[in-house]
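Please keep the sequence and the structure in view while reading.

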Amino acid sequence: MSNNSAFKLAVVLLALSVCAMLTQASHDEQFPGNYPAFEGPVEVSYEFSNGSVTLDVPAKLNGLRTFVYAYDRQGVMFGILKPIANGRITVNRGDYADVKIATSGRQVTGYELLKRMDHYLRQVDMFELLQQAQDNGLRHGVQRCLYPMCTRCLEGCKSVISGGDIPLQMEVAPGGQIHPVYARGKCPRCGKCFAWCPVGVITDSRPGRSR
Amino acid sequence: MKRGLQLLNVAAMVVLMLFLGAIVANGFASRQPWSLVCYKCKACNNSCVLGIDPQGFVDAELAGNSQVYIYTTNVRLPLAQAAALDPAMLITVEDRHVTARAALDELHIAPQQEITTYRVQARHAAQFCLRCGACEKECVLGLPLLRIIEKLRNSSGPSLHLEDRDVQ
């Protein structure tokens, strides 16, 4: 009789142990993805000379193309896509802006490409705009994110989240640059935003972890 | 007379059908038959911040030749890099379109001076492309332009980062 009770107790304990093990394993597998991480703003130093301005940028950006932006007195943002060579970007007088971006508070409300084929719809001299921004304390700098021309991260996010309430949003930072932000609680950790980001502004927060 | 015209009509139809058949066969031979439906509306071109004409990528893919020249009107790079990539690349210098070699040898422009491209080989344009997907988003037919660009990038060797090239 006592042997039978001990056997039953052992079976129950074994069953409980197996259940506990299975529950733990499935918990670990339930959320295999990683959260995105975002590159911070690019620190730039300016050197103005007669007819050109040289921007020194971090060496890690060497060889890339990035946006140099400046706001005018009306609060409209203008940007030019420039190559970085030897850790420097040079904007010369006569380098016209590629894009005009309208913002309202922290929101981007629209944009317009200013060059079509080989002619400019409107010529906005970026050197003069940068000088004006520097002299008058207007916002200017370097932005790596290509929004609003590029929306790949948002499209990736929309492809997994039904409805318009996606965790990833774009906003205008106090420094004037546009950058992505996300709501951690809503993020399903699918990884599409950092997998699809073509310029590396959004990265994997845990790159060493297998997904 | 009537019989002769009928024969001429039939012959013209046969030639026309052979021509159209060759176009379709070429599309399938290039493994991109969908590219035949591109009707060159240029909606993609107007959305590219680098001034690349993505229709050129479609043509390059259809022709099976990544060295066809396509419009790329807003890529800025040092003249030395342009000449090292392709001396025959067309660049814009003071509203003129000249080759990179001519800009160096005939116009005597400094090699480190920044120029703007005008027409470059499709493989180089694919390397310059930011892959932002604006062209694909604008395409009314939903052609997989990013897929072609990726294929051209992979077939054109190492990336064209500026530090990979000698800029003197």
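## The interface between the chains

Between them, chain B and chain A bury about 2,300 Å², and 55% of this area is on carbon and sulfur atoms. The model is a predicted one. On the side of chain B, 27 residues are in contact with 28 residues of chain A.

Polar interactions also cross this interface. Eleven residue pairs are in polar contact between chain B and chain A, both residues having pLDDT 80 or more. Strand E2 (76-78), strand E5 (114-121) and helix H6 (134-138) of chain B are the elements that give two or more residues to the side of chain B that touches chain A. Of these, E5(B) provides the largest share, three residues. By residue class, the side of chain B that touches chain A divides into 13 nonpolar, nine polar and five charged residues.

## Salt bridges

Over all chains, the count of salt bridges comes to 14. Three salt bridges are counted between chain B and chain A. One salt bridge is formed by the side chains of A:Glu155 and B:Lys137, at 3.5 Å from N to O. A:Glu155 lies in helix H3 (residues 152-158) of chain A, while B:Lys137 lies in helix H6 of chain B, so the pair joins two chains.

## The sheet of three strands

Chain A contains an open sheet of three strands in the order E2-E3-E6, with antiparallel pairing. Strand E2 (45-49) and strand E6 (88-92) of chain A stand at the edges; each has a single partner strand, so one side of each is left without a neighbour in the sheet. From one strand to the next, the twist averages 20°.

Which residue of E6(A) is the bridge partner of A:Val53? The partner is A:Val91. Strand E3 (residues 52-56) of chain A pairs with E6(A) in the antiparallel sense over five bridges. Helix H2 (residues 126-136) of chain A packs on this sheet and touches E2, E3 and E6 of chain A. The direction of H2(A) makes about 115° with that of E2(A).

## The sheet of five strands

A further open sheet in chain A has five strands in the order E8-E7-E5-E4-E11, with antiparallel pairing. Its edge strands are strand E8 (107-113) and strand E11 (140-143) of chain A, each of which pairs on one side only. Neighbouring strands of this sheet are turned by 30° against each other on average, with direction ignored.

Within this sheet, strand E4 (residues 65-71) and strand E5 (residues 77-83) of chain A pair in the antiparallel sense over seven bridges. A:Arg65 stands opposite A:Pro83 in E5(A). Helix H2(A) packs on this sheet as well, touching E4, E5 and E11 of chain A, and the direction of H2(A) makes about 55° with that of E4(A).

## The hairpin of E7 and E8

Strand E7 (residues 99-104) of chain A and E8(A) pair in the antiparallel sense over six bridges. In E8(A), A:Gln107 is the bridge partner of A:Ser104. The hairpin of E7(A) and E8(A) has two residues between the strands, and A:Gly105 takes a positive phi near 65° there.

Definitions and conventions. Residues are numbered from 1 along each chain as its sequence is written. Chains are lettered from A and ligands numbered from 1 in the order in which they are written. This is a predicted model: local features need pLDDT of at least 70, side-chain atom pairs count only at pLDDT 80 or more; totals for chains, interfaces and linings use all residues. Side-chain values use heavy atoms; hydrogens and water are left out. Two strands pair if DSSP finds at least two bridges between them. Helices (H or I, at least four residues) and strands (E, at least two) are DSSP runs, numbered from the N terminus. Axes are lines fitted to C-alpha atoms, for helices over the stretch in contact, and angles run from 0 to 180 degrees between N-to-C directions. Contact means heavy atoms within 4.5 Å. Buried area is the accessible area (1.4 Å probe) that two parts lose on being put together, summed over both. A salt bridge is a side-chain nitrogen of Lys or Arg within 4 Å of a carboxyl oxygen of Asp or Glu. A polar contact is a pair of N or O atoms within 3.5 Å; within protein, one must be able to donate a hydrogen and the other to accept it, and residues adjacent in sequence count only if both atoms are side-chain atoms. Ala, Val, Leu, Ile, Met, Phe, Trp, Tyr, Cys and Pro count as nonpolar, Asp, Glu, Lys and Arg as charged, and the others, Gly among them, as polar.
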